[in-house]
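Colleague: Please put the model up. I'd like to walk through it in short steps.

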Amino acid sequence: MEVSNPYLGYKILFEAMVKFSAGISMIKNLEELPLEINLHLKYLINFQEFNYYFIKENKVDCLWVNQTGKASYSTCSLDQLDAFAQQVLESGVPASKYCKVSKTSIHSWKFYNENNHFSLLLIRSHSDNPFADKSIPLIKVVNKILSARIENLNMVQLIHFQNQKLARLTTALQAKNKEIEALNRKQESTIIEKTSRLKDSNSKLKGLIQFNSHQLREPLTRVIDMVAIKDDLPVEEYISDILPLLSESVLDLDRAIIEVVQRSEVFDNEEN
Amino acid sequence: MKVFLIDDQKITNVLNRKYLSMIREDLEIFDFDDPELAMAALETEKPELIFLDLNMPIVSGWDILTFMRNRKIEIPVIILTSSSSQQDREKANLFHNVFSFQLKPLTKSGFNELLEGYYLHGDYKTSL
């Protein structure tokens, strides 16, 4: 890209940079990033192929763009990078190599970004339209824009992932809550049922006690009566009139006790 | 004075009759172990005092009290029961001719007090 008027040249460059930067800030995920780079990078630098590796621990985001408009996004691990890339990564020194057969040269830079993340930028260009040294400052800016965006998108992805995890957990929690509610309801109904059974047997028991007390008290009061009257009557009269009645009442009392016991047993059987 | 003893237990009637005749000689005592016969005799004999048991089969003491109320038979009644239920005591209060509620057994001194109370207070309701 040769422009004779330097002012016009800078203007074009500035506009291209603004569009490049604005476009990248608009994209929503990493997969779209290479296509977006492809739209504006050709107005900034001369290249045949553009590779950008964003390295976060062992995981590498690989962006690839070529002059004909092809673009791709992939991920790989650090050891899958080629020897030249490895060399630049290890040394940290920018490097370039030229291939006589294809008449292409490769320039490569390693950048140290925030949060201890690295990036590796490779540009292949043909000798007919070579990468110009004066574009090196632009490369730094391009890295800054790309690394910041990737970092940002990774963060968004992480948050999204965590949100999904949270949503799954929330769903699981709601399901558990429903289970607990169902259990509670079941327990409540069991308690209500048991309480009503208890109330029922309580009232039966009350009835039984009342019945028993009357059943036993009636003959007992007669016996008490006949014992008490002893001092008020002549002995002969007591022996002839009362004593036979006394033994009858004692037998009544015995019968009452037997019946009370039998009723208690019936009640016991009904309850079990 | 005519007195009715109404209790399905013959023995109780025998004992109560003995006590009453020990205390006063001028009492004309009628005892009933069948409450239905007592009910029938109420209007013909017109007793002045009734000793009434509550728990009786077929016709209960309550039935007799209700019968008297319906027929407007105003004879003072002393309830003699072996039931210590507070409910019965409160229910008895609703019959204004019931002037005493006594728990069995009632001995000679108990009968004595009741009769004295009956003779002393023309307004028998006060000794309930």
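**Talking through the model**

Colleague: What does A:Phe20 touch, if we skip residues up to four places away in sequence?

Modeller: A:Phe20 touches A:Ile37, A:His40, A:Leu41, A:Leu44, A:Val142, A:Ile145 and A:Leu146. Contact here means heavy atoms within 4.5 Å.

Colleague: Before we go on, what are the ground rules?

Modeller: This is a predicted model: local features need pLDDT of at least 70, side-chain atom pairs count only at pLDDT 80 or more, and totals for chains, interfaces and linings use all residues, while side-chain values use heavy atoms, without hydrogens or water. Residues are numbered from 1 along each chain as its sequence is written, with chains lettered from A and ligands numbered from 1 in the order in which they are written.

Colleague: Back to the packing. Which residues touch the most other members in the largest nonpolar core?

Modeller: A:Phe20, A:Ile37 and A:Phe50 do, out of 29 residues. A nonpolar core is a set of buried Ala, Val, Leu, Ile, Met, Phe, Trp, Tyr and Cys residues joined through side-chain atoms within 4.5 Å. Two or more residues each come from H1 (6–26), H2 (33–40), S1 (49–56), S2 (59–66), S5 (104–112), S6 (118–126) and H4 (136–228) of chain A. H4(A) gives the most, seven residues. A second, separate core has 27 residues, including A:Leu233, A:Ile242, B:Leu5 and B:Leu106.

Colleague: What do those H and S labels stand for?

Modeller: Helices (DSSP runs of H or I, at least four residues) and strands (runs of E, at least two), numbered from the N terminus.

Colleague: How many residues of H2(A) are buried?

Modeller: Six of its eight, which leaves H2(A) mostly covered. They are A:Leu33, A:Pro34, A:Glu36, A:Ile37, A:Asn38 and A:His40. Buried means under 20% relative accessible area, exposed means over 50%, and partly exposed is in between, with a 1.4 Å probe and protein chains only.

Colleague: And what do they pack against?

Modeller: The buried residues of H2(A) pack against H1, S1, S2, S3 and H4 of chain A.

Colleague: Pick A:Leu13. Where does it sit, and is it buried or partly exposed?

Modeller: A:Leu13 is in helix H1 of chain A. It is partly exposed, at 22% relative accessibility. Leaving aside neighbours within four places in sequence, A:Leu13 is in contact with A:Tyr43, A:Leu44 and A:Leu138.

Colleague: New topic: sheets. What is the strand order in chain A's open sheet of six strands?

Modeller: S3-S2-S1-S6-S5-S4, with antiparallel pairing. Two strands pair if DSSP finds at least two bridges between them. S3 (71–77) and S4 (95–99) of chain A are the edge strands, each pairing on one side only. The twist averages 15 degrees from one strand to the next.

Colleague: Which helices pack on this sheet?

Modeller: H3 (83–91) of chain A does, touching S1, S4, S5 and S6, at about 35 degrees to S5(A). H4(A) does too, touching S1, S2, S5 and S6 of chain A, at about 50 degrees to S1(A). Axes are lines fitted to C-alpha atoms, for helices over the stretch in contact, and angles run from 0 to 180 degrees between N-to-C directions.

Colleague: How many residues lie between S2(A) and S3(A) in their hairpin?

Modeller: Four, and A:Gly69 in the turn has a positive phi of about 100 degrees. A:Leu63 has A:Tyr73 in S3(A) as its bridge partner.

Colleague: Now chain B. How many helices and strands are there?

Modeller: Five helices and five strands. From the N terminus on, they run β-α-β-α-β-α-β-α-β-α. The radius of gyration of chain B, over C-alpha atoms, is 13 Å, close to the 14 Å from the globule rule for 128 residues, so chain B is as compact as a globular protein of that length. That rule is 2.2 Å times the number of residues to the power 0.38. Buried residues make up 52% of those 128.

Colleague: What order do the strands of chain B's open sheet take?

Modeller: S2-S1-S3-S4-S5, with parallel pairing. S2 (28–32) and S5 (98–103) of chain B have a single partner strand each, so one side of each has no neighbour in the sheet.
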